[in-house]
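This report describes one protein chain. The sequence and the structure come first, followed by a reading of selected elements and residues.

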Amino acid sequence: MAPIRKPYQSDVSDEEWSLVVPYLTLMDESAPQRQHSLRELFNAMRYVLRYGIAWRAMPNDLPPWSAVYQQAQRWMAAGVFETLAQDLRAVLRLAAGRKEEPTAAIIDSRTLRSTPESGPRAGYDGGKRKRGSKLHMAVDTLGHLLALHVTPANVDDRAEVGKLAEAVQQATDESVELIYVDQGYTGERAADAAKAQGVELCVVKLSEYSSGEGRGDLRQGRNP
């Protein structure tokens with residue numbers, strides 16, 4: 001049932017809710033300890049993520065920030081978002097005519113500027129001239145998320161290959177054989193870290209990708 005209040009753009013639709021609610025229900029909706037609608041707790045969490053606000057800054061017509069924060073922690077501890085992402089990825093791959101699990105992946109990173117709240121977690125990325133955090137991501141060749149983790153911005157991309165490759169193999173039942181990276185991951189250290197997880201690291205040069213030489217491989221993977 002939709003909330004009885006003015007809707008926010010971040011609110012989950014009825015169709016979206018029908019998809020995610022089986023993953024979010026950690027206890028029965030009628031359990032005596034549940035004081036707030038599960039859907040409204042989810043809407044409130046989406047509001048925080050959509051607008052990048054502090055928990056305490058949530059509007060008064062949403063559940064109390066403390067209740068939303070505690071429920072978000074329960075969901076994360078239970079791994080519900082990882083499970084949802086994995087199942088959704090499998091469905092989308094099958095709909096695209098691919099195998100359920102990929103055999104190839106792509107690793108890259110992105111540096112985000114820090115906020116005052118970042119404190120000691122932030123680092124300085126000399127190449128990007130930014131102080132903040134760095135997102136290290138792995139996706140399949142269709143762009144669906146496989147793994148992600150965050151470090152200070154000064155952490156070398158190559159140092160994170162092993163951790164990402166391990167997470168990719170865990171998420172795909174060790175189906176990935178090849179990981180594409182850009183030239184920032186060149187070197188034996190990164191290649192050896194990937195090899196330890198049963199994966200070959202393939203460095204794609206910008207000139208090759210720009211000319212179209214490597215695009216087919218990136219889209220299809222070794223065995224799509």
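## Val-12 and its surroundings

Leaving aside residues up to four places away in sequence, Val-12 touches Trp-17, Arg-39, Phe-42, Asn-43 and Arg-46, a contact being heavy atoms within 4.5 Å. The model is predicted, with local features needing pLDDT of at least 70 and side-chain atom pairs pLDDT 80 or more, while totals for chains, interfaces and linings use all residues. Residues are numbered from 1 along each chain as its sequence is written, and side-chain values use heavy atoms, without hydrogens and water.

Val-12 sits in the segment before α1. With 5% relative accessibility, Val-12 counts as buried; buried means under 20% relative accessible area, exposed over 50%, and partly exposed in between, with a 1.4 Å probe and protein chains only. Val-12 and Glu-40 are 28 residues apart in sequence, and their C-alpha atoms are 9.2 Å apart in space.

## Overall make-up

The protein has eight helices and six strands, taken as DSSP runs numbered from the N terminus (helices H or I, at least four residues; strands E, at least two). Their order from the N terminus is α-α-α-α-β-β-β-β-α-β-α-β-α-α. Of the 224 residues in the protein, 38% are buried. Among contacts between residues at least 6 apart in sequence, 55% join residues at least 24 apart. The protein exposes about 13,200 Å², of which carbon and sulfur atoms supply 51%; accessible areas follow the Shrake-Rupley method with a 1.4 Å probe, and for residues only the protein chains shown count as cover.

## Helix α2

Helix α2 covers residues 38-51, and its end C-alpha atoms are 20 Å apart, in agreement with the 20 Å that its 14 residues should span at 1.5 Å a residue. The expected span is 1.5 Å times one less than the number of residues. Because 10 of the 14 residues of α2 are buried, the helix is largely enclosed by the rest of the structure. Among the buried residues are Arg-39, Glu-40, Phe-42 and Asn-43. The cover over the buried residues of α2 includes α1 (14-24), α3 (65-78) and α4.

At the start of α2, a side-chain oxygen of Ser-37 comes to within 3.2 Å of the backbone nitrogen of Arg-39. After α2 comes Gly-52, with a positive phi near 60 degrees.

Asp-140 lies in strand β3 (residues 130-140). The side chain of Asp-140 reaches the backbone nitrogen of His-144 at 2.8 Å. Beyond residues up to four places away in sequence, Asp-140 touches Arg-89, Arg-93, Pro-102, Ala-104, Ala-105, Ile-106 and Leu-146.

Leu-92 is in helix α4 (residues 80-95). Together with Leu-19 and Leu-88, Leu-92 forms a nonpolar surface patch with about 240 Å² of accessible area in total. Patches are made of residues with over 30% relative accessible area and no salt bridge, like charges being joined within 9 Å and nonpolar side chains (Val, Leu, Ile, Met, Phe, Trp, Tyr) within 5 Å. A salt bridge is a side-chain nitrogen of Lys or Arg within 4 Å of a carboxyl oxygen of Asp or Glu.

| Residue | Relative accessibility | Class |
|---|---|---|
| Val-12 | 5% | buried |
| Leu-92 | 39% | partly exposed |
| Asp-140 | 0% | buried |

In helix α5 (residues 161-171), the buried residues include Val-161, Leu-164, Ala-165 and Val-168. Asp-173 follows α5 and has a positive phi, near 55 degrees.

Notes: Polar contact = N/O pair within 3.5 Å; in protein donor to acceptor, adjacent residues only side chain to side chain.
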